[in-house]
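Thanks for coming. I will go through one structure today, starting with a sheet, then the helices on it, then some aromatic rings.

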Amino acid sequence: MKGDDVGQASPLPVGETPALFTGRRWFFPSALLHELDPDAARAGRRPRRTARDWVVDFSCFLLAVVVGATAMEALADNPHVPDGLAVADQVIGALACAAVWLRRRWPLGLAVALTPISLLSDTSGGAGLIALFTLAVHRPFRYVAWVGGVNVALVPLYYWVRPDADVPYLVSVPFAVLLTLAIVGWGMFVRAKRQLMVSLRDRARRAETEARLRAEQAQRLAREAIAREMHDVLAHRLTLLSVHAGALEFRPDAPPAETARAAGVIRESAHEALQDLREIIGVLRAGEPDDTGRPQPTLAALDTLVAESREAGMKVSLDHRVENPAAVPSSVGRTAYRITQEGLTNARKHAPGTEVTVTVTGAPGTGLSVLVRNPPPEGEVPPVPGSGQGLIGLTERATLAGGRLEHGPTPRGGFEVRAWLPWG
């Protein structure tokens, strides 16, 4: 069978079995099953007849024989037909009835061959109509139109050469034309039903694929959001731990008060990091949005963030010039907080000991601007693995919020992070 036998439908993925046909394949036509079987389509195998096909083919053969037998009796009662011509007609009719079994393999060739044969042989008329029906089922309309049009055009000639003794000419011709058109219409209706079934199956497969892709995309976006949140939260805490642990390691002779203060900061940072990690893991387990649990940081928490960095030994200068900070949307304030937090974390890792300047300005209608700048470090700083991932995540976060983020070195060798966020 060719690809246009049933309909232009894309094959199913390799290894996928149509669930609709797994338990009752015998009930469906082999051409339809072949169209939905990707292995058979790729291997080039011809469809094997199902139980339904055998019943239908035998019924068509029996119908052609009955029509031929009826025509044979009419020939025997017609005194104007010689015996030799009647015998030849019967032989041609028998061969035409036998050819009905080939209708699935060569529907177009059989219909074309039986068109002139049906004009010459009365007993092959039933086989010709069945071949025309098969052509309408298994081939596109352009073939049916040509062959069916020729059959309709030959009807007046047939009854002019072989008039019916019992039925007038003006009745026989319209009846035969209507019968031919009805058989063609029936075959096209069967083909349309099969095409509809194939298209529905293909549409369902596409819907399943799209749903799976949407689910995978949602999972990926959720994982990326959680990864960004974990990076933004834990990187700041862990750098504080690293700074104070390094101070204790390189200054074992520090005064007890300073050692106790550093240990307190380490303990508090570790506690906060564990608490943040616990909240994020809770979101993963419960599937709840990240607005639950502890309150998320906003713009009002910038002072606390700067104070923590100063306690860790950083030199931070905060210039907070925001009109009506309480009116800043929570999502915008949280994004500004994360940008400042990442900027301080990067300065602590890549430019330790330098003074970091944080400038936050904005007003309703003009937006919120965040600038984190640090001068070049004094001396050589070893590279930190995985650098730059946080800035990539922050750029995406700012873009999703409707703003923009830029970062890069300054003309004097330092580094700055500039962001603008919409504030309507």
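Let me begin with two strands, E1 and E2 (residues 355–363), which pair in the parallel sense over eight bridges. Strands count as paired if DSSP finds at least two bridges between them. The element names come from DSSP runs numbered from the N terminus, with helices being H or I of at least four residues and strands being E of at least two. Within this pairing, Val316 stands opposite Val356 in E2.

Before going further, a word on the source. This is a predicted model, where local features need pLDDT of at least 70 and side-chain atom pairs count only at pLDDT 80 or more, while totals for chains, interfaces and linings use all residues. Residues are numbered from 1 along each chain as its sequence is written, and side-chain values use heavy atoms, with hydrogens and water left out.

Back to the sheet. It is open, has five strands in the order E1-E2-E3-E5-E4, and its pairing is mixed. The edges are strand E1 (315–322) and strand E4 (404–409), each of which pairs on one side only. On average, neighbouring strands are turned by 10° against each other, direction ignored. For angles like this, axes are lines fitted to C-alpha atoms, for helices over the stretch in contact, and angles run from 0 to 180 degrees between N-to-C directions.

Asn374 has Phe415 in E5 as its bridge partner. E4 and E5 also run antiparallel, joined by six bridges, and here Leu405 stands opposite Ala419 in E5. The hairpin of E4 and E5 has five residues between the strands, and in it Gly413 takes a positive phi near 100°.

Where is Thr359 found? It is in strand E2. At 16% relative accessibility, Thr359 counts as buried. The cut-offs are under 20% relative accessible area for buried, over 50% for exposed, and partly exposed in between, with a 1.4 Å probe and protein chains only. Leaving aside residues up to four places away in sequence, Thr359 touches Asp319, Arg321, Ser369, Val370 and Leu371. Contact here means heavy atoms within 4.5 Å.

For contrast, take Asn324, in the loop between E1 and H11. Asn324 is partly exposed, with a relative accessible area of 48%. Its C-alpha atom is separated by 8.6 Å from that of Pro364, 40 residues apart along the chain.

Next, the helices on the sheet. H10 lies across E1 and E2 and runs at about 170° to E1. H11 lies across E1, E2, strand E3 (367–374), E4 and strand E5 (415–421), and runs at about 5° to E3.

How do the two helices sit relative to each other? The axes of helix H10 (residues 302–311) and helix H11 (residues 330–350) come within 10 Å and cross at roughly 10°. That makes H10 roughly parallel to H11; the classes are under 35 degrees for roughly parallel, over 145 for roughly antiparallel, 65 to 115 for roughly perpendicular, and oblique for the rest. From H10, the contact uses Leu302, Leu305 and Ser309; from H11, it uses Tyr337, Thr340, Gln341, Leu344 and Arg348. By class, that contact has four nonpolar, three polar and one charged residues. Nonpolar covers Ala, Val, Leu, Ile, Met, Phe, Trp, Tyr, Cys and Pro, charged covers Asp, Glu, Lys and Arg, and the others, Gly among them, are polar.

Last, the aromatic rings. Rings of Phe, Tyr and Trp (its six-membered ring) pair if their centres lie within 6.5 Å; planes under 30 degrees apart are stacked, over 60 edge-to-face, and the rest tilted. The count by this rule is three aromatic pairs. In one of them, Trp54 and Trp101 have ring centres 6.2 Å apart and planes at 50°, so the pair is tilted. Trp54 is in helix H3 (residues 51–77) and Trp101 in the loop between helix H4 (83–99) and helix H5 (107–120), 47 residues apart. Trp54 is partly exposed at 47% relative accessible area, and Trp101 is partly exposed at 26%.

Phe133 and Trp186 also form a tilted pair, with ring centres 4.8 Å apart and planes at 45°. Phe133 lies in helix H6 (residues 125–138) and Trp186 in helix H8 (residues 169–250), so the pair ties together parts 53 residues apart in sequence. Phe133 is buried at 16%, whereas Trp186 is exposed at 54%. Finally, Trp54, Phe61 and Trp101 form one aromatic cluster.
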